[in-house]
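I opened my notebook to keep track of what I looked up in this protein.

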Amino acid sequence: MNLRIAFVAAPVLTFAYGVIRILDGLDGSRGPGLAWTTGHLAFIGALVFFVITFHEMRRLAGGGRLATGLASAGYIGIVVLIAQF
């Protein structure tokens, strides 16, 4: 996979999630439905791309203890967020 795709797709899908969630609330109700599901799927997709970006940033940082620790913290955060959704 081209890494550029991951570095662009992660923030774009995160932005899409935010826009979809705002649009979902325009009718005065937020909750389970097509917009809610679509928004959450966009965010989960973003998290998958963030895994790829974290891995690449760790590699670019030299893969030392600090880089590995920070990437690991990112991976744990991603797992927690996916579990929350």
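The entries below go helix by helix and then turn to pairs of side chains.

**Ground rules.** I'm working with a predicted model, where local features need pLDDT of at least 70, side-chain atom pairs count only at pLDDT 80 or more, and totals for chains, interfaces and linings use all residues. Residues are numbered from 1 along each chain as its sequence is written, and side-chain values use heavy atoms, with hydrogens and water left out.

**Entry 1: the UniProt record.** I checked UniProt, where an unreviewed entry puts "transmembrane region" at residues 34–54 and 66–83. I noted that UniProt positions are in the numbering used here, that feature names are shortened, and that annotations may be inferred rather than shown by experiment. Then I looked at those spans in the model. Residues 34–54 are 100% helix and 0% strand, with end C-alpha atoms 30 Å apart. Residues 66–83 are also 100% helix and 0% strand, and their end C-alpha atoms lie 26 Å apart.

**Entry 2: helix α2.** I checked the length of α2, which runs over residues 34–60. Its 27 residues reach 39 Å from first C-alpha to last, close to the 39 Å expected at 1.5 Å a residue. The expected span is 1.5 Å times one less than the number of residues. Next I listed the buried residues of α2, among them Gly39, His40, Phe43, Thr53 and Glu56. Buried means under 20% relative accessible area, exposed over 50%, and partly exposed in between (1.4 Å probe, protein chains only). What do the buried residues of α2 pack against? They pack against α1 and α3. Contact here means heavy atoms within 4.5 Å. Just after α2, I found Gly62 with a positive phi of about 105°.

Entry 3: His40 sits in helix α2, and I count it as buried because its relative accessibility is 10%. Not counting residues up to four places away in sequence, His40 touches Tyr17, Arg21 and Phe85. Thr53 is in helix α2 too, and its 4% relative accessibility makes it buried. Leaving aside neighbours within four places in sequence, Thr53 is in contact with Ala6 and Phe7.

**Entry 4: helix α3.** I ran the length check on α3, residues 65–84: its 20 residues should span 28 Å at 1.5 Å a residue, and the end C-alpha atoms are 28 Å apart, which agrees. Its buried residues are Ala67, Ala71, Gly74 and Ile78. Seen down the axis of α3, they fall within an arc of 55°, so they line one face of the helix. That arc is taken from the directions from the helix axis to the C-beta atoms. The buried residues of α3 pack against α2. On the other side of α3, the exposed residues include Arg65, Leu66 and Gln84.

**Entry 5: salt bridges.** How many salt bridges does a search of the whole structure find? It finds two. The rule is a side-chain nitrogen of Lys or Arg within 4 Å of a carboxyl oxygen of Asp or Glu. Asp24 pairs with Arg21, the closest N and O atoms being 3.6 Å apart. Both lie in helix α1 (residues 3–24), three residues apart, about one turn of the helix, and both are buried. Glu56 pairs with Arg59, with the closest N and O atoms 2.5 Å apart. Those two are three residues apart in helix α2, so about one helical turn separates them. I noted the reason for such spacing: an α-helix has 3.6 residues a turn, so residues three or four places apart point the same way. Glu56 is buried at 11% relative accessible area.

**Entry 6: aromatic pairs.** I counted five aromatic pairs. Rings of Phe, Tyr and Trp (its six-membered ring) pair if their centres lie within 6.5 Å; planes under 30 degrees apart count as stacked, over 60 as edge-to-face and the rest as tilted. Tyr17 and Phe43 make a tilted pair, 4.9 Å centre to centre with 55° between the planes. Tyr17 is in helix α1 and Phe43 in helix α2, so this pair ties together parts 26 residues apart in sequence. Tyr17 is buried at 18% relative accessible area, and Phe43 is buried at 13% relative accessibility. Tyr17 also forms a tilted pair with Phe85, 6.0 Å centre to centre and 40° between the planes. Phe85 lies in the segment after α3, so this pair ties together parts 68 residues apart in sequence. Phe85 is partly exposed at 29% relative accessibility. I wrote down Tyr17, Phe43 and Phe85 as one aromatic cluster.

Terms used. Helices (H or I, at least four residues) and strands (E, at least two) are DSSP runs, numbered from the N terminus.
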